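Trainee: Please take a single part of this structure and go through it closely. I would like the salt bridges, with the cut-offs behind each term.

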Amino acid sequence: MENVQNSIQLVLSTDAKPSLKWTPELHQRFIEAINQLGGSENCRELKNSEGPCSSREESIGTQNEMTESMQIAEALQMQMEVQKKLDEQIEVQRHLKLKIEAQVKYLQS
């Protein structure tokens with residue numbers, strides 16, 4: 001799991017409404033995650049213990065998980081963009097503070 005987290009690279013966008021591109025690599029990782037959580041095997045266990053588990057229910061569950069995953073990824077991207085803007089503002093404020101201090105020294109001399 002740690003290797004997967006280390007290899008994921010987020011690309012920041014300057015778009016007003018950034019979106020996540022569903023690439024074949026991302027889809028493969030999604031399938032691997034589903035398989036780690038039990039995948040279709042999990043459904044078979046539910047079928048035996050609680051009743052039928054239709055492919056429609058599986059599809060809806062998968063769609064809900066994909067939507068939730070995409071929403072989380074979008075939220076993380078937005079958070080990173082906000083953090084980047086805050087860092088830029090702090091840097092601008094730092095430069096302004098240095099200029100003000102230099103002006104104060106000049107006026108005092």
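Predicted model: local features only at pLDDT ≥ 70, side-chain atom pairs only at ≥ 80, totals over all residues.

Mentor: K97 is exposed, at a relative accessible area of 53% (buried means under 20%, exposed over 50%, partly exposed in between, with a 1.4 Å probe and protein chains only). Residues are numbered from 1 along each chain as its sequence is written, and side-chain values use heavy atoms, with hydrogens and water left out.

K97 and E101 are 4 residues apart in helix α4, so about one helical turn separates them. Helices are DSSP runs of H or I with at least four residues, strands are runs of E with at least two, and both are numbered from the N terminus. Helix α4 (residues 55-108) also holds E91 and R94, 3 residues apart, whose salt bridge has its closest N and O atoms 2.8 Å apart. Both are partly exposed, E91 at 35% and R94 at 42%.

The whole structure has 3 salt bridges. One of them joins R29 to E25 at 3.0 Å, within helix α2 (residues 24-36) and 4 residues apart. R29 is partly exposed at 23%, whereas E25 is exposed at 52%.

Key. Salt bridge = Lys/Arg side-chain N within 4 Å of Asp/Glu carboxyl O.
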